[in-house]
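Subject: Structure handover

Hello,

Here is the structure I said I would pass on. Please open it and keep it beside this email while you read the notes below.

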Amino acid sequence: MNSRPWVIARKELLQLRRDRLTLAMMVALPVMQLLLFGYAINTDVRHIPTVVYDQDQTAASRDLVQGLSATGFYDVLGNVRNYQEIESALRGGRARVAVVIPTRYSSDLKLSRPTQVQLIVDGSDPQTVASATNTAASLVAARAGELTVQRLGQGAARAQPIQLETSTWYNPDLRTAVYIVPGLVGVILTMTMVMLTSMAIARERERGTLEQLIVSPVKNLELVVGKIVPYIAIGYVQMTLILVIGSLVFDVPISGSLPLLYALASVFIAANLAIGLFFSTLAKTQQQAMQMSFFFLLPNILLSGFMFPFEAMPVPAQWLAQGLPLTHFLRIVRGITLRGADFADMQMELVWLVGILAALVTLASMRFTKKLA
Amino acid sequence: MTEPIVHTENLSRSFGALVAVRDLNLSVQKGEIFGVLGPNGAGKSTTIRMLCGILDPSGGRGTVVGFDIQREAERIKERIGYMTQRFSLYEDLSVQENLSFYAGIYGVPFGRRRKRVQEVMEATGLTQRKKQLAGTLSGGWKQRVALASATIHNPPLLFLDEPTAGVDPVSRREFWEQIHRLSAEGTTVLMTTHYMDEAERCHRLAFIFRGSLLDIGSPDEIVERRNLSVVELTTPQAVAAADCLREHSFVDEVAPYGHVLRVATYAGDAAEPQIRAVLDEQGIPVDRVRRARATVEDAFVSMVRAEHKQQEAAA
């Protein structure tokens, strides 16, 4: 091969091979983040420590406690005998939920009188509250329905009052990992691609080799292409790594077309490389390049919809987020892996990505010239 | 006279209010070793960068290897070699990898690349160290690799920006042998330097001071034009003698070298008796006096000093 981009790419790979630390980082980083995010960030609250204050002490009340425990959301730690004990359990953090069953529970049920079961929830963590109350409410509603049917006897079943039947598609168990892992593909690509490109050029500037390249007949485009092609390859390796581990360890499904995902990812990767390139024109040292990359990463994580729902953000924040390549790639990667979206579904996101890419490339090439000063 | 390989007319460059290079007129002939001298910040590197086409001039024009430095910079870049002050090598690549990278960048065809790298390594004595990482080489060896990289594509014109900074005397001498060999093969060399002994090894010199050209010519011509006669004297009271001599207008410069005072004067053949007379009058004993050859360094210091005086008078 004789073309200059290839000569430059080969040199980049040679350097990368000698730079064990960077190489290790490029593999270790995605794996570590994947395990951290996959295991630690978990918004499905299960196994909530629970105490029971059963004032009724009948078969019916024990049956209700059994039912709650069987959902898997509540770990019943034991019974308490009064409200003071409930308070101390919640305050001390030993329990997050207390269930209080009144004395008249079973007799009320027999006489088909309305009865109340009290659920006391530690509200300091809103996530727990939502999870605990939803589960309990649906359980109690189901039980009430059963009881009504039982009481009326067969044949006399009356039409139920309006019932809302929720059916969750694509991620029926609502497991967070399924949502987070594909998103991580985007976050990790953003992080490594921006950082590696900006540092790769800042390094040449820092060591004076950029001046040597500028004075050579190498063309701007050849230099840029030669510099970024190795990193595109690395980006794909990282992406594959995350998807494979995600599917093996976290059971993340890949419902859609992988070739489509890999094809669309190229635009996203290119956009990040252009950002890195732009940063490298501003940074004089590798350290500055690194700082800029981290500075850029934060809004990406917070605004793109990776951590918080896009729809929940105030409108100006949404505008800002639309300008981030990650926002659109997250929709693409989640759409394709989880919902099996096809090209037509993802067209708009592609249009956005291409638009952002074009703007970035213009910006970067305006700044990146082969002249000094 | 053939067409000069480097030619500038009123070449200028400012950075904001600072004028780094002012109305520079230079002509370098093919095959010459041309030295650009000047103190730090005189505009030497700025000049070289403009000639290489990596810095646009803010005024004037210039041609290098027959191409316009502003409009045809990319054509120039194919035909020149450039060695920066810092020997810009990839420290994490081996000698051979560095050379073959630059061979690729300068468009040495793939089939000939390996052979060319070997040739250059042999010529510069690098074959033994071809597997060594550039970062682990000493200054002198780095300089050899940098020179080998800059000449990998056999350029007709070679720019060297302070090529011997931080290199030991033996390596410097070997480096100069290389330069003369290249010159003999027809390569034109344009270099900047601080070292006056190196300046004397150039065919022609240009003196730059505060962005302006002070003088241009062969080392002998430049020294003769200053019309200095230099005397070296040995005296036990060197400091007193120096102070006393500096007060006289026929003395241009007094520089101590150990026990010896080197006195540059404008007095021509009368320098020796005049100095003796001045020192006798003050009762300063003189052990030995002898005429010495005026050097480029004497000329350089004298020129810069005169320029300072002129500027002070103008201010």
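How are α10(A) and α14(A) oriented to each other? The model is a predicted one. In chain A, helix α10 (residues 258-282) and helix α14 (residues 343-367) have axes that come within 9 Å and cross at roughly 20 degrees. Angles under 35 degrees count as roughly parallel, so α10(A) and α14(A) are roughly parallel to each other. Their crossing is left-handed. The residues that meet include A:Leu264, A:Phe268 and A:Phe278 in α10(A), and A:Phe343, A:Leu350 and A:Arg367 in α14(A). Sorted by class, this contact has 21 nonpolar, 1 polar and 1 charged residues.

Chain B has a helix pair to look at as well. The axes of helix α3 (residues 95-105) and helix α5 (residues 139-150) of chain B come within 9 Å, crossing at roughly 25 degrees. That angle makes α3(B) roughly parallel to α5(B). The crossing of α3(B) past α5(B) is right-handed. B:Val95, B:Leu99 and B:Tyr102 of α3(B) make the contact with B:Val145, B:Ala148 and B:Ser149 of α5(B).

Last, the cysteines. A disulfide is a covalent bond between the sulfur atoms of two cysteines. Searching the whole structure gives 0 disulfides over all chains. For B:Cys202, the closest cysteine sulfur is in B:Cys52, 17 Å away, which is too far for a bond. B:Cys202 counts as buried because its relative accessibility is 4%. B:Cys244 is also buried, at 10% relative accessibility.

Regards

Key: Residues numbered from 1 in each chain as written. Chains lettered and ligands numbered in written order. Predicted model: local features only at pLDDT ≥ 70, side-chain atom pairs only at ≥ 80, totals over all residues. Heavy atoms only, no water. Disulfide = S-S within 2.5 Å. Buried < 20%, exposed > 50% of the residue type's maximum accessible area, 1.4 Å probe, protein only. Axes fitted to C-alpha atoms, helices over the stretch in contact; angles between N-to-C directions. Helix = DSSP H or I, 4+ residues; strand = E, 2+ residues; numbered from the N terminus. Parallel < 35°, antiparallel > 145°, perpendicular 65-115°, else oblique. Left-handed = near helix turned anticlockwise from the far one by under 90°. Contact = heavy atoms within 4.5 Å. Nonpolar A, V, L, I, M, F, W, Y, C, P; charged D, E, K, R; others polar.
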